[in-house]
Amino acid sequence: MKTILAGTDFTKSSVNACRYAALLAQKLNCKLIIFNLFQSPVYHSNAGLVGITLPSIKKDSSDRLGKVISSVKSVFPGLKVEGLASPYT
């Protein structure tokens, strides 16, 4: 195994699962990718004024993902950890 993929929705239990995946990745000497799938906004003609944009949601997801990665790296300093935030359409 070369890579472990751990999904997160930033809840306490999903962050804990990412830490467990990091422990497993360290034991197996492989890379960890922490993944967040966020919902993209749907616009239609009756929506009116929409204050939420896809770039702002993606930035929020990426920022929160960065915090999870930082916390994992602080516990497992030598581990290769990457993050991926992607919209669900």
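Predicted model: local features only at pLDDT ≥ 70, side-chain atom pairs only at ≥ 80, totals over all residues.
Residues are numbered from 1 along each chain as its sequence is written. Local features need pLDDT of at least 70 and side-chain atom pairs 80 or more, while totals for chains, interfaces and linings use all residues, and side-chain values use heavy atoms, without hydrogens and water.

**The sheet.** Select the 3 strands, which form an open, parallel sheet in the order β1-β2-β3. Strands are DSSP runs of E, at least two residues, and helices are runs of H or I, at least four; two strands pair if DSSP finds at least two bridges between them. β1 (3-7) and β3 (81-88) are the edge strands. Between β1 and β2 (residues 31-39) there are 5 bridges; one to display joins A6 to I34.

**Salt bridges.** Here a side-chain nitrogen of Lys or Arg lies within 4 Å of a carboxyl oxygen of Asp or Glu. The whole structure has 2. Select K31 and E82, whose closest N and O atoms are 3.4 Å apart. K31 lies in β2 and E82 in β3, so this pair ties together parts 51 residues apart in sequence. Next, go to K59 and D63, at 2.9 Å, N to O. Both lie in helix α2 (residues 54-75), 4 residues apart.

**Helix α1.** Finish at residues 12-28, helix α1, and pick L24. L24 has a relative accessible area of 35%, so it is partly exposed (buried is under 20%, exposed over 50%, partly exposed in between; 1.4 Å probe, protein chains only).
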